[in-house]
Amino acid sequence: MGEAAERFVVEGLVEQTPAGPRLIGSRCGGCGTTYFPQKASCPNPACTDKAPVAALLPDQGTLYSYTVQRYQPPPLFRMDGWEPYLLGLVDMGEGLQVMGMLTGVKEQEVRIGMTLQLVTEPLYCDDDGTAVLTYKFTPAGTAL
Amino acid sequence: MRPVYALGAGAHPWGKWPEKPQLQLALEAMSAALVDAGIVWAEVQGLVAASSRFEGGMGWGLHANEVVQAVAEQGIPCINVGGACAAGAIALQTAHALVASGQYDVVAALGAERMPKGFIPRPPGSADDRSDNDFLRWVAMGATNPAYWAIEARRRQHEHRTSERTLAQASALMRRNAGGNRLARYRDPISEEDVLASPMVADPLHLLQICPVSDGAAAVILGSEEFVRRSGKAAVRVAGCAVGSGQFGDPARRIPTISSTVREGVAHTSEVTGAVRAAFELAGIGPEDVDLLEMADNSAWHILAWPELFGFYEPGQGDWMLEQGKLAIGGELAINPSGGFLSFGEATTAQALLQVSEVLWQLRGEAHGHQVPDAKVGMTAVLGLGANGGSVILTR
C-alpha cells in the first residue's frame, strides 16, 4: 500500500491479498459464527466460548436488496465528485449480510440475486494527495 | 403486581419551536398531563424522564431533575432513562413498575425533545475506528437512515410485489388521520400522486414516505386504582407493558450497523416483536382483540410490515389491508389514528409517550377529530437505537 499513496477509510476492514481484496471479519472459535466487521466478543447467547478470531470473508456474494442514496450524506462521508450511488445489502453466505456501495452497474441493471464481486475503489483524495479507498461490490465477471 | 391505571396524559404540539427551550416543552406537557389527571404536582410521587442527547439534562441526561428543580422541589425520586427513540417506552415501563410494586401511588413518565435539523448527526464520544458502527456506515458508504428503510422496502417489493402506489397510500392514510389531530405537525391532506411526486430520497422511498424530525413533548401519569377512582375519569388500565432488546440472528437491517448475522427462525425487529409479544402475554389478549395500534412509522414501509411482524395478519397481507381501507379509522385495525411519525415528525425520546397519550385519549373517546369508534383496546410499539423495543397495551 505504502508506495502507492493510498489508504483505506478505516483500518482493519479490508485486506489486499494477491488474489484481490477481502473483507476482514471474525469467526468465533466457539460457535463458528462469522461476523463483519471484527467483533470484540461473540453475541450468540448460546455460545459459551466467545472466542472470535480475525477471518477473511468470501470475495463474492449475492445481492439481497438495494437502494440509491439520492442525498449527500453528512460531512463525515467524503466522496470526490459526489453524485447519487447505489447501496446494496449482499449475502456473503453462512447468514452474513454486508452493506456496501455498488459500482460498475447502472440502477436499471441491478437485480436482486445477482452475483457480486468485492472490489476497492478510491472515494476521495486526501489533502496530501493520498487516495482514500473503500470497499464496494460490482457484478461478478466485470471486475479487473 | 397490582393494577396500574393511566390517570392522564398531556402533550405539547409537535413542530419546530425555536423560541421554546426543551425544558419549557417538558413543563407544558407535564402541566397538561396534571390537568388531564385532575391532580397537582404535590401529589406526584415520582418522575421518570427519557434522557435526550440533544438538549437539556445538564449534559448528563438528568431531564427529570431539571423539571422538578424548575417546578416542584419535593424530594421525589427522579429517574432518568436512556433508550434513544424508545426511551419514552422505557420511562413508562419504569413508572409502571414503581406503581405496580406498590411503592408509589402516582408516578409520571415524561419525554421532551428539540431536534437538530436534517439527518441526525453521529453523537460525540465514540472512537473514529472500526469498533464504531456509526463511524463505519458514514465513512465507508454514507448510508443515511432512510437508506436502511429503503433496503427493507425494496426487499418487500421483491418478496410481496408491493407496488409504489401502495407504499404511497400508506403516507396518504397517515396524513388523513393527522387531519383531525391538533397535536400533529403536518395536517394537510396529501394524495398518492403528491407522495410519488415528492423527491426520491432512497429508492423506493420518497420524501413524503420518510418521517422528518420535530420538537415535541408528552407526559403520561400512572397511578393506583384509588387515584383513578378519585379522578372521576374512565378507568383505563395499563394491561401490558414491556421493553426488550434484540435477538441474535435478527434479520433486520439495524441502524447503524453495516452487516447482519441472520439465523433461521429469528423474528425480524426482534426488540420490538419481543416487547409486543410480552405485552400481549401480560395483558392476556392477542392481536384480534386490538382496536388500534400506534406504531413507529419511520417510513411507509413500516406501516405495511410491522403489523405483520406483530402477528396481526400474514406477511404480505398488509398491502391488501391498506388498499381495502381496513387500516383506516373505522376499519378492522386502525393504524396510527394520531397520524403517526410521518405526520408528527420524530421527536425521538418523546415519541413513545405521545403514542401512549394517544391511546389513552382514544380509549376515553376524547380523540376529537380522529376518534376510533368504540375503542376499547389500544397498543403501542416503538423502536430505538441499540436494539431497544417497547410496547404498551391500554384497555378500558
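Two residues are in contact if their C-beta atoms, placed from the backbone, lie within 7 Å. With that in hand, here are the views. This is a predicted model, in which local features need pLDDT of at least 70 and side-chain atom pairs count only at pLDDT 80 or more, while totals for chains, interfaces and linings use all residues. Residues are numbered from 1 along each chain as its sequence is written, and chains are lettered from A and ligands numbered from 1 in the order in which they are written.

**View 1. B:Ala150 and its surroundings.** B:Ala150 is found in helix α5 of chain B; helices (H or I, at least four residues) and strands (E, at least two) are DSSP runs, numbered from the N terminus. Beyond its neighbours within four places in sequence, B:Ala150 is in contact with A:Thr67, B:Ala202, B:Asp203, B:Pro204 and B:Leu205. B:Ala150 counts as buried because it has 30 C-beta neighbours inside 10 Å. For that label, a residue is buried if 20 or more other C-beta atoms lie within 10 Å of its own, exposed if 12 or fewer, and partly exposed in between, with C-beta atoms placed from the backbone.

**View 2. The side of chain B that touches chain A.** Here 31 residues of chain B are in contact with 37 residues of chain A. On the chain B side, the elements giving two or more residues are α4 (133–139), α5 (145–160), β5 (200–202) and β9 (259–261). The most comes from α5(B), with 6 residues. Sorted by class, this side of chain B has 17 nonpolar, 6 polar and 8 charged residues. In this sorting, Ala, Val, Leu, Ile, Met, Phe, Trp, Tyr, Cys and Pro count as nonpolar, Asp, Glu, Lys and Arg as charged, and the others, Gly among them, as polar.

**View 3. Strand pairing between the two chains.** Strand β8 (residues 96–102) of chain A and β9(B) pair in the antiparallel sense over 3 bridges, where two strands pair if DSSP finds at least two bridges between them. To find your place in this pairing, look for A:Leu96, which stands opposite B:Thr261 in β9(B).

**View 4. Helix α6 of chain B under its cover.** Helix α6 (residues 164–178) of chain B has 15 residues and reaches 22 Å from its first C-alpha to its last, close to the 21 Å expected at 1.5 Å a residue. The expected span of a helix is 1.5 Å times one less than its number of residues. How much of α6(B) is covered? The helix is mostly covered, with 12 of its 15 residues buried; among them are B:Thr166, B:Gln169, B:Leu173, B:Met174 and B:Arg175. What covers the buried residues of α6(B) includes α5, α7 (192–197), α10 (300–309), α11 (318–323) and α12 (340–344) of chain B.

**View 5. Strand β12 of chain B and its two partners.** Strand β12 (residues 377–384) of chain B is mostly covered, with 8 of its 8 residues buried. B:Val377, B:Met379, B:Ala381 and B:Leu383 point one way from the strand, and B:Gly378, B:Thr380, B:Val382 and B:Gly384 point the other way. Strand β10 (residues 292–295) of chain B runs parallel to β12(B), joined by 4 bridges, and B:Met295 has B:Ala381 as its bridge partner. Strand β13 (residues 388–395) of chain B runs antiparallel to β12(B), joined by 8 bridges, and B:Gly378 stands opposite B:Leu394 there. β12(B) and β13(B) form a hairpin with 3 residues between them, and B:Gly386 in the turn has a positive phi of about 85 degrees.

**View 6. The two chains, for orientation.** Chain A has 0 helices and 10 strands, while chain B has 13 helices and 13 strands. The radius of gyration of chain B is 20 Å, close to the 21 Å that the globule rule gives for 396 residues, so chain B is as compact as a globular protein of that length. That radius is taken over C-alpha atoms, and the rule is 2.2 Å times the number of residues to the power 0.38. Buried residues make up 34% of the 144 residues in chain A, and 61% of the 396 residues of chain B count as buried. The mean pLDDT of chain B is 97, and 100% of its residues reach 70 or more; pLDDT is the predictor's confidence in each residue, from 0 to 100. The model scores ipTM 0.96 and pTM 0.97.
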